[in-house]
Amino acid sequence: MKASKIIEEPVYVTRPFLAPLEEFQPYLEKIWESKWLTNAGPFHQEFERMLAEYLGVEHLALFANGTLALVTALQALRIIGEVITTPFSFVATAHSLLWNGIKPVFVDIDPETFNLDPNKIEAAITPQTTALLPVHVYGKPCDVERVQETADLYGLKVIYDAAHAFGVKYQGKSLLSHGDLSILSFHATKTFTTFEGGAIICPDAKTKKRIDDLKNFGFHDEVTVVAPGINGKMNEVQAAFGLLQLKHIDKAIARRREIDAQYRKDLSSIPGISLPALPVDTKYNYSYFPILVEKNYLLSREELYEKFHRYNIYPRRYFYPLISEFPMYRGLASASAGNLPIAHNLSRKVLCLPIYPNLSNEQVSRVINVIRGSTS
Ligand code: T4K
């Protein structure tokens, strides 16, 4: 019995959803025929249009990945000095600040949403603060109204790291339309993928043009360079793949929703396991399924994590350690555990369970049985 468990297929925290291979062939043939491989080619242009339409936004600029999108968004708004952000995110959020010579200032998170606590932002503002960089963690909306109120009061820009928030709608409109800019990631591990990829959601055509220039070395036209830009361009294979994925994304999110519901049903009554609530007034994308392993659960978070590995299941501790604990950040005054008690505590008890469209019901049951303790 035990031996058969060991040879079962591994279950990862996520797996990319891939449209059928044969459906990709015609796109590749077109690329081979046209020999247009990158630099705003035909698939790039079409994908930008179709994606903006799908997301319900007016303008967006595609990128080679989400990190370059973040770095460029900060450049586009000429952000300098200090930026207030969350420690409870993937390290790329704060790295984008360091790449721009900006000092991150960490503020604690809200215990319900796990996003930057709007009540704590004001106390961290100094004369050097120029912007806020909140993250819609797990795709759940930040308190966008309160964030904007504070930003308006102090004349700060707001850039949302919306890497997890593909397709999320809040109060009937795209969550991505909040703030001055939002960035998306289409990495292989995300709800919607182009292998690597990303985008900046822009409020108007002028801002999009500036960002398009910045991602293309700063070229405004053939002979004019207007800024020290970078190479952040998405290529034609990525864009074509994005177009194909778009045709299947609603089905993929619907399957994630079923898995989320199954976990909620079967895990809600297990002592010591807390399930963060789904966001209200939100069309959610079910991008992650975090559970909290509380003190009264029969194992510690680390013991449960190790136990999963014995069953060939690989949940992830997103986000542990906190960004503020990494060597390049921990010397900052705002990085101390005492300044970030909620985030610190959460990072020690969170575990993100596997959730992806091709996860079978049988695999979901395997995950649930490990937590239930029905497997030793
Ligand atoms: N902001 C936020 C809030 C983010 O979460 C991220 C990225 C960014 C910004 C930056 O965006 P990008 O520059 O990446 O576009 C992963 C991803 O590498 C990263 O994109 C993501 N956040 C982060 C949350 O997760 P790892 O180190 O956990 O990934 P990895 O390679 O361990 O993969 C996790 C599991 O996914 C594997 O165990 C199996 C599966 N997998 C992974 C890959 C790469 C596959 O099945 N196929 C694959 O190709 O960071």
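Predicted model: local features only at pLDDT ≥ 70, side-chain atom pairs only at ≥ 80, totals over all residues.
Colleague: Which backbone oxygen does the side chain of serine 287 reach?

Modeller: Start with the term: a polar contact is a pair of N or O atoms within 3.5 Å; within protein, one must be able to donate a hydrogen and the other to accept it, and residues adjacent in sequence count only if both atoms are side-chain atoms. Here the side chain of serine 287 reaches the backbone oxygen of histidine 164 at 3.4 Å. Residues are numbered from 1 along each chain as its sequence is written, and side-chain values use heavy atoms, with hydrogens and water left out.

Colleague: Is serine 287 buried or exposed?

Modeller: Buried means under 20% relative accessible area, exposed over 50%, and partly exposed in between (1.4 Å probe, protein chains only). Serine 287 has a relative accessible area of 8%, so it counts as buried. It sits in the loop between strand 14 (282-283) and strand 15 (289-293); helices (H or I, at least four residues) and strands (E, at least two) are DSSP runs, numbered from the N terminus.

Colleague: What does histidine 164 touch?

Modeller: Contact means heavy atoms within 4.5 Å. Leaving aside residues up to four places away in sequence, the residues that histidine 164 touches include Tyr138, Gly139, Lys190, Ser287 and Phe319. Histidine 164 belongs to the loop between strand 6 (157-161) and strand 7 (169-170), and it is buried, at 7% relative accessible area. Its side chain reaches the backbone nitrogen of tyrosine 138 at 2.9 Å.

Colleague: How many bridges join strand 15 to strand 17?

Modeller: Strands of a sheet pair through backbone hydrogen bonds, either parallel or antiparallel. The criterion for a pair is that DSSP finds at least two bridges between the two strands. Strand 15 and strand 17 are antiparallel and joined by four bridges, with phenylalanine 289 opposite leucine 353 in strand 17. They belong to an open sheet of three strands in the order 13-15-17, paired antiparallel. Strand 13 (273-274) and strand 17 (350-353) are at the edges with a single partner strand each, so one side of each has no neighbour in the sheet. Helix 10 (residues 249-267) packs on this sheet, touching strand 13, strand 15 and strand 17, and its direction makes about 20 degrees with that of strand 15. For that angle, axes are lines fitted to C-alpha atoms, for helices over the stretch in contact, and angles run from 0 to 180 degrees between N-to-C directions.

Colleague: In which sense do strand 9 and strand 10 pair?

Modeller: Strand 9 and strand 10 (residues 198-202) pair in the antiparallel sense over four bridges, whereas strand 6 and strand 9 run parallel, joined by three bridges. Aspartate 161 is opposite isoleucine 183 in strand 9, and serine 182 is opposite isoleucine 201 in strand 10. Five of the five residues of strand 9 (residues 181-185) are buried.

Colleague: Which residues come nearest to the ligand?

Modeller: A residue is near a molecule or strand if one of its heavy atoms lies within 4 Å of it. There are 25 residues around the ligand, and Thr67, Asp161, Ser185, Lys190 and Tyr318 come nearest. A nitrogen atom of the ligand is 2.7 Å from an N or O atom in the side chain of aspartate 161. For histidine 187, a side-chain N or O atom is 3.3 Å from an oxygen atom of the ligand. The ligand taken alone exposes 920 Å², of which the protein buries 77%; accessible areas come from the Shrake-Rupley method with a 1.4 Å probe, and for residues only the protein chains shown count as cover.

Colleague: Why is helix 9 described as largely enclosed by the rest of the structure?

Modeller: In helix 9 (residues 236-246), 10 of the 11 residues are buried, so the helix is largely enclosed. Those buried residues pack against helix 2 (21-34), helix 3 (42-55) and helix 10. Asparagine 235 caps the N-terminal end of helix 9, with a side-chain oxygen 2.9 Å from the backbone nitrogen of valine 237.

Colleague: Where is the peptide bond that is cis, with omega near 10 degrees?

Modeller: That bond runs from tyrosine 318 to phenylalanine 319. Another cis peptide bond joins tyrosine 320 and proline 321, with omega about -5 degrees. Phenylalanine 319 lies in the loop between strand 16 (313-314) and helix 12 (341-347), and proline 321 is in the loop between strand 16 and helix 12 as well.
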